Amino acid sequence: DTGFLAPLSGVVDAGSYVTHCSGGSVANYAPTFVDGSVTVTPTDTHVVVWCPDSVVFDGSAQEPCSADVIDPAGQVVASADLSYASNTDAGTAGVVASFAGSQDYNPSTGSASFVINPADTTIVVSCPDAVRYDGSAQEPCSADVIDPAGQVVASADLSYASNTDAGTAGVVASFAGSQDYN
């Protein structure tokens with residue numbers, strides 16, 4: 001018992017305990033009860049990290065993972081602290097989940113990765129209805145590359161056709177993409 005006041009029973013926290021046996025009799029014997037001690041040590045744990053296979057770049061730090069600390073019986077005993085790396089730009093991001101331990105459980109860590117895919121974009125081309133012929137190549141248009149949130153993230157490259165003589169000219173806008181945008 002702890003201080004000889006109450007019997008040890010059930011589950012106790014890790015630590016050292018004094019034991020004391022008393023009572024009972026046996027015919028033809030004179031039992032001697034000796035105090036002792038028992039030490040309950042912390043148990044091992046492991047960290048399980050869950051991440052989606054991929055997320056889409058949105059300009060912010062991506063933190064889509066979760067982690068649980070598991071005891072030997074398979075029970076969740078705590079949540080782990082997450083630390084991310086390379087989780088803002090498109091590419092492979094990593095996460096390390098750490099559990100510092102407690103009175104009853106040893107520390108443990110786990111890790112995982114996930115992919116940040118580039119975001120799709122749209123090109124918006126703006127041209128005047130008409131320009132005045134002056135014998136030179138006319139390049140009056142502009143083109144913006146727009147992300148899913150409606151923000152301009154780049155200017156598109158423009159390629160003109162039939163833009164020197166009077167008549168209808170054509171323009172093609174293109175964006176080669178970047179690390180973060182398709």
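## Contacts and overall form

Among contacts in the protein between residues at least 6 apart in sequence, 45% join residues at least 24 apart; contact means heavy atoms within 4.5 Å. The model is predicted: local features need pLDDT of at least 70, side-chain atom pairs count only at pLDDT 80 or more, and totals for chains, interfaces and linings use all residues. Residues are numbered from 1 along each chain as its sequence is written, and side-chain values use heavy atoms, with hydrogens and water left out.

The protein has 14 strands and zero helices, where strands (E, at least two residues) and helices (H or I, at least four) are DSSP runs. Along the principal axes, its C-alpha atoms fill a box of roughly 125 × 20 × 20 Å.

| Property | Value |
|---|---|
| Radius of gyration of the protein | 35 Å |

Of the 182 residues, 21% count as buried, that is, under 20% relative accessible area with a 1.4 Å probe, protein chains only.

The largest pocket is lined by 18 residues, with Val-131, Gln-138, Pro-140, Gly-167 and Ala-169 nearest its centre. A pocket is an open set of points on a 1 Å grid over the protein atoms alone where a 1.4 Å probe fits, with protein on both sides within 12 Å along at least five of seven lines; lining residues have an atom within 4 Å of a point.

Methods:
Rg over C-alpha atoms; globule rule 2.2 N^0.38 Å. Buried < 20%, exposed > 50% of the residue type's maximum accessible area, 1.4 Å probe, protein only.
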